[in-house]
Amino acid sequence: MLEHANFLNAFLTNDAITEILINSFNEVYFEENGRLQKSASFFGSQQEYHNFIDDFLNDQGTFLNREKPYVELQHGKNRVSILYSELTQKDHIISIRKHPTTNWTLNSLAEKSFCTEFQKN
């Protein structure tokens with residue numbers, strides 16, 4: 001279902017991209033190789049964006065409204081979080097966090113400087 005927004009396909013199939021953040025229909029960011037970047041691609045209108053959210057949530061058997069302002073779910077290999085506009089004071093926000101294709105190890109964390117040699121040993 002996430003693939004129905006055609007421009008998202010490029011992000012979802014790129015292994016270097018680990019997260020997609022959508023703050024509004026025309027404000028889309030992605031994290032690639034640890035760097036957050038603004039996308040030149042986005043939804044055509046606010047209505048298209050809201051229809052996408054409604055269709056996605058309906059497909060997942062859930063909804064978003066004032067009484068239920070936050071949804072977090074697993075969709076394939078992605079964790080999807082959606083916040084209702086009244087919480088954000090702007091528009092609905094979507095975070096799509098892609099699960100890594102390989103498991104983290106202490107060696108891989110040390111290689112990326114996420115832990116020290118002392119912590120690794």
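Five helices and six strands make up the protein chain you see here, and the model is a predicted one. Along the sequence, these elements follow the order α-β-β-β-α-β-β-α-β-α-α. The C-alpha atoms fill a box of roughly 50 × 30 × 25 Å along the principal axes. Here is a friendly tour, topic by topic.

**The chain as a whole**

- The protein chain has 121 residues, and buried residues make up 35% of them.
- Among contacts between residues at least 6 apart in sequence, 35% join residues at least 24 apart.

- Helix H2 covers residues 46-59, and its 14 residues should span 20 Å at 1.5 Å a residue; the end C-alpha atoms are 20 Å apart, so expectation and model agree.
- The buried residues of H2 are Tyr49, Phe52, Ile53, Phe56 and Leu57.
- Viewed down the helix axis, the buried residues of H2 fall within an arc of 120 degrees, so they line one face of the helix.
- Gln47, Asn58 and Asp59 are exposed, on the face of H2 turned away from its buried side.
- The cover over the buried residues of H2 includes helix H1 (6-13) and strands S1 (17-24), S4 (70-75), S5 (78-83) and S6 (93-98).
- After H2 comes glycine 61, which has a positive phi, near 75 degrees.

**Aromatic rings**

- Six aromatic pairs turn up in a search of the whole structure.
- One of them joins phenylalanine 7 and phenylalanine 11: the ring centres are 6.3 Å apart and the planes meet at 85 degrees, so this pair is edge-to-face.
- Phenylalanine 7 and phenylalanine 11 are both buried.
- Phenylalanine 11 also pairs with phenylalanine 30; here the ring centres are 4.9 Å apart and the planes are at 25 degrees, so the pair is stacked.
- Since phenylalanine 11 is in helix H1 and phenylalanine 30 is in strand S2 (residues 27-32), this pair ties together parts that are 19 residues apart in sequence.
- Like phenylalanine 11, phenylalanine 30 is buried.
- Phe7, Phe11, Phe30, Phe43, Tyr49, Phe52 and Phe56 form one aromatic cluster.
- Elsewhere, the ring of phenylalanine 63 has the charged end of lysine 68 sitting over it, 4.9 Å from the ring centre.

**The nonpolar core**

- As background, nonpolar side chains in soluble globular proteins tend to be buried together.
- The largest nonpolar core has 24 residues, and those touching the most other members are Leu8, Phe11, Ile20, Ile22, Leu57, Ile82 and Ile94.
- At least two residues of this core come from each of H1, S1, S2, H2, S4, S5 and S6.
- H2 gives the most to the core, with five residues.
- Setting aside neighbours within four places in sequence, isoleucine 94 is in contact with Ile20, Leu21, Ile22, Tyr49, Phe52, Ile53, Val80, Ser81 and Ile82.
- Tyr49, Phe52 and Ile53, among those contacts of isoleucine 94, are also among the buried residues of H2.

Key
Residues are numbered from 1 along each chain as its sequence is written. This is a predicted model: local features need pLDDT of at least 70, side-chain atom pairs count only at pLDDT 80 or more; totals for chains, interfaces and linings use all residues. Side-chain values use heavy atoms; hydrogens and water are left out. Helices (H or I, at least four residues) and strands (E, at least two) are DSSP runs, numbered from the N terminus. The expected span of a helix is 1.5 Å times one less than its number of residues. Buried means under 20% relative accessible area, exposed over 50%, partly exposed in between (1.4 Å probe, protein chains only). The arc is that of the directions from the helix axis to the C-beta atoms. Contact means heavy atoms within 4.5 Å. Rings of Phe, Tyr and Trp (its six-membered ring) pair if their centres lie within 6.5 Å; planes under 30 degrees apart count as stacked, over 60 as edge-to-face and the rest as tilted. A charge sits over a ring if NZ of Lys or CZ of Arg is within 6 Å of the ring centre and within 35 degrees of the ring normal. A nonpolar core is a set of buried Ala, Val, Leu, Ile, Met, Phe, Trp, Tyr and Cys residues joined through side-chain atoms within 4.5 Å.
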